[in-house]
Amino acid sequence: MTTTQPRSILPAGMISVEKARARILAHFAPLPAVELPLVDALGLVLAEDVRAGFDVPPAANTSMDGYAVRAADTAGATPADPRTLHVVGYLAAGSAFAGEVAAGEALRIMTGAPMPHSADAVVPFEETDEQERGRWTDAPHPTVRIDVAARPGANVRNAGEDVRAGERVLPAGTLLRAAHVGVLASLGLDRVGVHRRPRVAVISTGDELLRPGEPLAPGKIYDANAFSLAAAVRECGGEPRVLDVARDTVEAVTARIHDALREADVLITSAGVSRGDFDVVKDVLAREGEVGFWTVRMRPGKPLAFGRFRTADGRTVPHLGLPGNPVSALMTFELFARPALFTMLGRSDWQRPVARAVAAERIVNPDGRRFFARAFVSFDSAAQRYIARLTGPQGSGVLTSMTLANAYAICPEDVPAIEPGEQCDVWLFDEALVAAAAAHAAPAAADD
Ligand code: AMP
Ligand code: MG
């Protein structure tokens with residue numbers, strides 16, 4: 001279902017995806033910082049540098065269960081010519097040893113226990129006669145047989161080996177993943193300052209819309225956009241709030257927007273921005289806010305409204321008016337709303353990884369707009385290349401096409417078609433696929 005238009009009669013006001021996005025992002029900035037408990041900060045961005053108040057680990061400790069010794073006392077030891085040391089005590093993780101390990105002595109020590117200052121190496125149980133003796137708990141061993149020569153520092157984790165006191169451990173702007181949360185905890189922090197999540201009001205407009213759970217009626221369809229958009233908001237770290245559907249009148253849309261403005265950082269509406277008789281969202285924006293309407297040179301998802309409302313308490317709330325067709329709504333969310341929400345979160349990494357793929361089928365661009373085809377891309381490891389297949393019918397109402405896609409295959413504005421076997425850009429949104437290709441491109445470094 002494509003309406004073929006000669007390129008020459010494209011509306012003069014059509015702008016590129018990049019230009020529309022740049023205009024929109026000019027109105028967004030990172031939100032203020034909030035202090036959150038560590039796990040709640042997962043997926044958010046540090047608002048300030050984090051420095052270490054002390055060394056991690058705070059003290060040298062043993063990485064093995066064994067005997068802390070003076071390495072010099074074990075010099076030359078072999079199973080055929082072992083050394084015997086006098087055992088001066090026992091130390092579990094969590095305690096400290098007040099005494100001294102003198103020449104000819106050893107301290108029985110458990111993983112994580114701090115090294116006595118006078119010892120400089122740990123001989124693991126496996127390299128002693130530990131197994132040949134009875135249980136320590138039944139009768140402490142007065143001596144231990146050492147079967148190997150320990151080098152100084154063997155099996156010792158030094159103080160500050162992970163982090164040095166005063167070091168900038170995580171810079172402002174770091175996106176917190178599980179490992180970062182662990183590092184913050186290891187520094188003794190229980191809360192952390194991050195850019196807060198944007199609160200996003202999601203409003204569907206249209207007389208034809210029913211909410212899931214209501215009985216289907218003639219002429220009606222279910223509101224898919226409120227749910228796909230709210231889910232997309234959550235996927236990129238925002239807090240969605242879905243408002244009731246607004247009917248296709250200026251009054252209804254105005255009322256809904258005023259309701260949303262009370263607590264939203266940003267407003268996302270769908271539908272009502274094209275040229276139909278009842279496309280009132282743009283009328284409301286024109287009346288109540290500052291506004292830009294653009295047709296973006298992309299398919300699907302051509303009409304787009306962007307505006308700003310002033311709230312009673314003096315805040316400025318940006319509004320993205322996305323098109324109503326369910327594929328167009330999600331696609332324009334991806335291209336415009338996701339970068340905007342990322343910006344509010346303090347993130348700049350919204351661009352998806354782009355790769356070159358070989359088109360398995362023809363990708364047609366009928367009217368000089370950049371075509372974002374829903375594609376399933378796989379990595380052919382034998383040929384070391386991506387293959388892009390379309391997900392089936394590409395109509396902007398075929399929402400299931402989005403469920404089958406792991407990438408957009410791009411047919412540029414000035415290319416009428418990409419033929420099978422030709423290369424095209426693909427925007428990958430499947431992290432596993434990106435990782436698989438990266439692994440093939442560069443063999444992983446060996447682990448120790
Ligand atoms: P409009 O922009 O209002 O002309 O809507 C374009 C198309 O998208 C129409 O077929 C609408 O029925 C459909 N549509 C609009 N909003 C939604 C929605 N929330 N969920 C599903 N389809 C929608
Ligand atoms: Mg409508």
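**Reading the model step by step**

Tutor: Let us begin with Asn155, which sits in the loop between S9 and strand S10 (156-157). Please keep in mind throughout that the model is predicted.

Student: What is the phi of Asn155 near?

Tutor: Phi of Asn155 is near 60°, which is a positive value in a residue other than glycine.

Student: Where is Ala271 placed, and is Ala271 buried or exposed?

Tutor: Ala271 is placed in the loop between strand S17 (266-270) and helix H5 (281-288), and although Ala271 is not a glycine, its phi is positive at about 75°. Because its relative accessibility is 15%, Ala271 counts as buried.

Student: How confident is the prediction, that is, what is the mean pLDDT of the protein?

Tutor: The mean pLDDT of the protein is 92, and 94% of its residues reach 70 or more. Over residues 1-11, however, the pLDDT is below 50, and this stretch has 17 contacts in the model beyond near neighbours in sequence.

Student: Turning to peptide bonds, which form does the bond from Val56 to Pro57 take, cis or trans?

Tutor: The bond from Val56 to Pro57 is cis, with omega near -10°, and Pro57 belongs to the loop between strand S3 (50-51) and strand S4 (61-62). The peptide bond from Arg299 to Pro300 is also cis, its omega being near -5°, and Pro300 is found in the loop between strand S19 (298-299) and S20.

Student: For strands, in which sense do S6 and S9 pair, parallel or antiparallel?

Tutor: To read a pairing, look at the direction of the two strands and then at the residues that stand opposite each other. Strand S6 (residues 83-91) and strand S9 (residues 143-146) pair in the antiparallel sense over four bridges, and Thr84 has Arg145 in S9 opposite it. S6 is also joined to strand S7 (residues 105-109), by five bridges and in a parallel run, with Gly89 standing opposite Leu107 in S7. As a general idea, the side chains of a regular strand alternate between the two faces of the sheet.

Student: How many bridges join S22 to S28, and which residue in S25 stands opposite Val358?

Tutor: Strand S22 (residues 354-359) is joined to strand S28 (residues 423-428) by five bridges, and the two run antiparallel; the bridge partner of Val354 in S28 is Trp427. S22 and strand S25 (residues 385-390) pair in the parallel sense over three bridges, and there Val358 stands opposite Ile387.

Student: How many aromatic pairs does the count come to?

Tutor: The count comes to eight aromatic pairs. In one of them, the rings of Phe28 and Phe306 have their centres 6.3 Å apart and their planes at 45°, so this pair is tilted. The pair links distant parts of the chain, since Phe28 is in the loop between H1 and strand S2 (33-37) while Phe306 is in strand S20 (residues 303-310), 278 residues apart. Phe28 counts as buried because its relative accessibility is 7%, and Phe306 counts as buried because its value is 4%.

Student: Why is the pair of Phe379 and Tyr386 classed as it is?

Tutor: Their ring planes stand at 70°, with the centres 5.1 Å apart, so the pair is edge-to-face. Tyr386 counts as buried because its relative accessibility is 7%. Elsewhere, ring pairs link Phe372, Tyr408, Trp427 and Phe429 into a cluster, and Trp427 is the residue already named as the partner of Val354.

Student: Is Arg21 buried or exposed, and which residues does Arg21 touch?

Tutor: Arg21, found in helix H1 (residues 17-25), is buried yet has no salt bridge. The nearest side chain of opposite charge, Glu18, is 4.2 Å away, whereas a salt bridge requires a distance within 4 Å. Leaving aside residues up to four places away in sequence, Arg21 touches Leu335, Phe336, Pro339, Trp350 and Gln351.

Student: And is Arg234 buried or exposed?

Tutor: Arg234, placed in helix H3 (residues 225-235), is exposed because its relative accessible area is 61%. Arg234 and Pro198 are 36 residues apart in sequence and 9.9 Å apart in space, C-alpha to C-alpha.

Definitions and conventions: Residues are numbered from 1 along each chain as its sequence is written. Chains are lettered from A and ligands numbered from 1 in the order in which they are written. This is a predicted model: local features need pLDDT of at least 70, side-chain atom pairs count only at pLDDT 80 or more; totals for chains, interfaces and linings use all residues. Side-chain values use heavy atoms; hydrogens and water are left out. Buried means under 20% relative accessible area, exposed over 50%, partly exposed in between (1.4 Å probe, protein chains only). Lys and Arg count as positive and Asp and Glu as negative; His and the chain ends are not counted. Contact means heavy atoms within 4.5 Å. pLDDT is the predictor's confidence in each residue, from 0 to 100. Two strands pair if DSSP finds at least two bridges between them. Rings of Phe, Tyr and Trp (its six-membered ring) pair if their centres lie within 6.5 Å; planes under 30 degrees apart count as stacked, over 60 as edge-to-face and the rest as tilted.
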